[in-house]
Amino acid sequence: MLRSLVVLFILTALVAVCAAQQSGPSSTASCYLDDGRQVYIRYNPATAKSDKVANGKPWTPGGTPMTLFTEAQLSFAGATIPVGAYSVYPIPAKDKWSLAINKNVTPGSAYDEKQDLARAPMETDQVSQAAGSLEVAFAHVGDKCTLRIYFGKSASFAPFIASKN
């Protein structure tokens, strides 16, 4: 009986370790608004060697969509993003990336365009020095948090405007 419990405990521990390794470490980029509310995005690290992007296809860095958390109602590309959590899908293209904000945050679910709250082109520039790994950050000015995504030779920017409420 004791031996069975020990084996069960070891198997449970191994399953937990494997699950943690599959999800991998995540990183966070934050934007703090002047009134203390926060907008942040969680994403998995990705490198140009390990993560290939396909033009026109929603990208999930490290195999998982980015997740946007907001304590403020936001405006993005004319759409309203209520307080809450959302999946974020950068959509690479040769000259101009797009960004989709999606209502479905269920882990492991496939991307469904019908769940998009907003989708818009990002301001995209090519940089001379390629970023070897994914870099995500926010630039904050007033009520605006501009998401910045650097990957390979692409630098893409998407502004989110916080409501005053």
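## Salt bridges

The structure holds three salt bridges. The model in question is predicted. Side chains of opposite charge can pair when their charged atoms come close.

Arg37 and Asp35 meet through their side chains at 2.8 Å, N to O. Within this pair, Arg37 counts as buried at 14% relative accessibility, whereas Asp35, at 48%, counts as partly exposed. A further salt bridge joins Arg119 to Asp116, with the closest N and O atoms 3.5 Å apart. Here Arg119 is partly exposed, having a relative accessible area of 39%, while Asp116 counts as buried at 18%.

Asp143 and Lys164 also form a salt bridge, at 3.7 Å from N to O. Because Asp143 lies in the loop between β9 (123-141) and β10 and Lys164 in the segment after β10, the pair ties together parts that are 21 residues apart in sequence. Asp143 is partly exposed at 29%; Lys164 counts as exposed at 69% relative accessibility.

## Disulfide

A search of the whole structure finds one disulfide. It is formed by Cys31 and Cys145, whose sulfur atoms are 1.9 Å apart. The link of Cys31 and Cys145 is left-handed, with -75 degrees about the S-S bond. Cys31 lies in strand β1 (residues 27-32) and Cys145 in strand β10, so the pair ties together parts that are 114 residues apart in sequence. Cys31 counts as buried at 1% relative accessibility, and Cys145 counts as buried at 1%.

## Nonpolar core

The largest nonpolar core has 33 residues, and those with the most contacts inside it are Phe76, Leu99, Leu134, Phe138 and Phe160. Strand β10 (residues 144-162) contributes the largest share of this core, seven residues.

Not counting residues up to four places away in sequence, Phe160 touches residues including Phe76, Leu99, Phe138, Asp143 and Cys145.

How values were computed
Residues are numbered from 1 along each chain as its sequence is written. This is a predicted model: local features need pLDDT of at least 70, side-chain atom pairs count only at pLDDT 80 or more; totals for chains, interfaces and linings use all residues. Side-chain values use heavy atoms; hydrogens and water are left out. A nonpolar core is a set of buried Ala, Val, Leu, Ile, Met, Phe, Trp, Tyr and Cys residues joined through side-chain atoms within 4.5 Å. Buried means under 20% relative accessible area, exposed over 50%, partly exposed in between (1.4 Å probe, protein chains only). Helices (H or I, at least four residues) and strands (E, at least two) are DSSP runs, numbered from the N terminus. Contact means heavy atoms within 4.5 Å. A disulfide is a pair of cysteine sulfur atoms within 2.5 Å. A salt bridge is a side-chain nitrogen of Lys or Arg within 4 Å of a carboxyl oxygen of Asp or Glu.
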